[in-house]
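Please look at the sequence and the model before reading on.

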Amino acid sequence: MSANTERTFIAVKPDGVQRCLVGEIIGRFEKRGYKLVALKMITPSKDLLQKHYADLSTKSFFNGLIQYMLSGPVVAMVWEGLKANFWVPLTLSILHQEPSAVIMPLMSVEMSAMEATVLKMQRRKLRSGSRRKKFLLMPFLNPNGFTNKHDTCTNRISFKKISLKIFCRDILDILHYTSTLKLHDHMDKLLPFEILKPGSLSRCRTGQLHFMREKTIIKTPTFIPSSSRGAIPHITPDILQKHTNVSAIYYGLEDFIERFPQKPPCFQRPLRDFVALQDDKVVLLGPRRSKPIPTPTNTNHFIGVTTSEGVRKLSLSDYIDAAVQLKPDLVVALADIPQKNPGGNRVNNVLLRSELWIQKLADANINIPILAVFPPNLPDISCQKYSAFLASFEENFSGMAIFEGGDLQWLSESTRLKPQFLIPWSKNPHEILSLVAQGVDVFTADFVLAATDAGVALTFDLLDENCTVLPLSQDMWDTSQEFDTRPINSSCSCYTCSKFQRCYIRHLLYAKEMFGWTLLQIHNLKVLSKFFNDIRESITNGCFETLAASFNRRYEREIPVTAGKGPRRGYQKEGEDSETPSSQDFETTSARNSETICRNLETSSPSQNFHIPAKQDNITPPIEQLQTSEYWNTKYKPDSIPFDWFLKYDQIKDFIIPFLTKNSRILQLGCGNSELSGNLYDDGFQNIVNVDFSNTLISEMIQRYKNKPMEWTVADARELRYSGEFDVIIDKGCLDAMISYTGSVWDPPEYVTENCRKEIDGVMRGLKVNGVFIYITYAQPHFRLRYLERVEWTCQVHKLGGGMGTFEYFGYVCKKG
């Protein structure tokens, strides 16, 4: 035995012998270059086993383990290989984990639901020269008497490159002998991942993820679509099962939180039951969406999440509680994710919080495989420190959640043997190919869902041999599709292409019929499934790099801009280049309700603060832009001078105050950077909620009024979600912005009428019985009453006099009930 080799004792336990797996186990070791130097089948005595497992004698499962080991013969072996630390499976334990042990996954080609368990792996090394610990089963063997002349040439694979995985084909027999063991819903801490074929010229690889649910095996590289509020957009669970190849879905917990910490209904049962997901589908749970709306800065105690009711605080304990109750198959660890390059103190906080949170998540023993998160946007030295931490902690997590492909370079070789998940938004298939070459195994690939929303059909194909430059997709809104009776792709076998024509799909989109987007979603998911299947086959065949280079030459890199408009995506919709809104930490931001600092229901836009264009700006936008948050976001600048539309507070104070009491709960719609709420607060009316659909404005106002604890909410007045909550709702210019259009004031467009209806409907819902809606405008009654008159309330008109010597202003008072 040479100085650079070591020997390790391995035993195939009774169940492995009974299932005739000894030969397969030996074959796997030999295929990886290890040398068998001793082998014997024995039936150890009870006394010998009690001495052999003496270190486990205090454990609750000890007696059951001894009984199990006495149930049949054991095949004892000594294996030799290059000198290194390697893990040897000796002790089966499902219930308990020792600090000195590492759980390693099973690796089996075929596993039943009960077979998907894990083996405790303990370091039991036989070192050349001095053997620090001799195994009690070793007297049955004589490894030094063997001279097995096995090939030991230098190109033999090192033990460092291989995780030894011994599997038990069926644990039903184990349960028969060890009744004290519990399976914890067949869950454990590590996700079995098997690398099948590495790439020839890059770090690409094919592999298999072995999930314990329904013998589910997911081949990698692959994609996992992310949900929107608990569903794949436009796809029902039965369509997902019948017409797509989707095997897993990513869910963001923030989509299910409303008035947190009050537990939402989904917490009452597993998430897959709540969303009616089939049993063979894998559930991946993360705290946030794959491309979340930016929120104010995280703290040591919680992160910010954007819910249907606005920004909320999500603590680690709440997240752990949610994971335990929702029972996902894989959970992404909580981490502090900076949205842009952080400063020195922020970097330290990112590292400390991320390390602390994953340690606590692992210590919680939730028996769910965990993905560790590598925070993006960190400087090189911090990446090196965090990578070292992950390497020292890697026995506690199953894979990595990566937010930037460049961060893969910092991971240790052992960490890179774990599956790599790219969680954020993938822009195009070119980016996917590049990241596959770097070793990413699983993508969310949300550009597919965005393409469907835009009415775009994907048409790219990795194996296409066309020599001309091709677009990645077809715009189904385009007039060229109007009379086109061909399928989207004649070579595509999806339900959409086999049944429907382009002209029909275009007709559905123009008719705003949701079935059109459903058909596009089925097709686009099929295109991406084939794309990843071709990637896997090309890696197996050793031609991935060649096909990827050819694809990059053949296809444009951008999905064409659509000519039409997709369906609304709701409160999480965001712009293409959204950035983090500037805002102080939750803990330093004063708010009336400690659980509600600001709410982000609709959009995310550039990080600027509010500025009302003054006359010298010479800005005269198309008047319809006043109805969009994008326009107003561009006008917000830091430290802007407050601006009150129509009339200032001292001009309307005597009109408003008679409808208020000191306990009145007040909602101001379209608050802008007006001083109205601040003046009301100074006058003793302090229960105020301010709403505007510009998140950059709300960030500025939170900072400006941090000493006056009012609520600041990012919300569209057309999408109000309140119910019977307010005594008084005030609108001073918001409804006028919704009515802004080019054309006759006597004949408003249909969308204007719809905008007004939505706002007034929301106001009606939000008011308490006998609540009052106060609307201040320059518009005369014959132009405004058409929008305000309802049978549910009475409406009165008050003249407020002139403002700035030009207009006569009116106050409309509508009393509910």
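In which loop does Cys494 lie? Cys494 is in the loop between β22 (473–475) and α14 (495–499); helices (H or I, at least four residues) and strands (E, at least two) are DSSP runs, numbered from the N terminus. The model is predicted, so local features need pLDDT of at least 70 and side-chain atom pairs pLDDT 80 or more, while totals for chains, interfaces and linings use all residues. Residues are numbered from 1 along each chain as its sequence is written, and side-chain values use heavy atoms, without hydrogens and water.

**The annotated site**

In an unreviewed entry, UniProt lists Cys492, Cys494, Cys497 and His523 under "binding site"; such annotations may be inferred rather than shown by experiment. These residues are spread over 32 residues of sequence but cluster in space, with a largest C-alpha distance of 8.3 Å. Cys497 is found in helix α14. The table gives their contacts (heavy atoms within 4.5 Å), leaving aside residues up to four places away in sequence.

The axes (lines fitted to C-alpha atoms over the stretch in contact) of α9 (residues 344–363) and α10 (residues 380–393) come within 11 Å and cross at roughly 10°. The two helices are therefore roughly parallel (angles under 35 degrees). Residues making the contact include Leu351 and Ile358 of α9 and Tyr386 and Phe389 of α10.

Definitions and conventions. Axes fitted to C-alpha atoms, helices over the stretch in contact; angles between N-to-C directions. Parallel < 35°, antiparallel > 145°, perpendicular 65-115°, else oblique.
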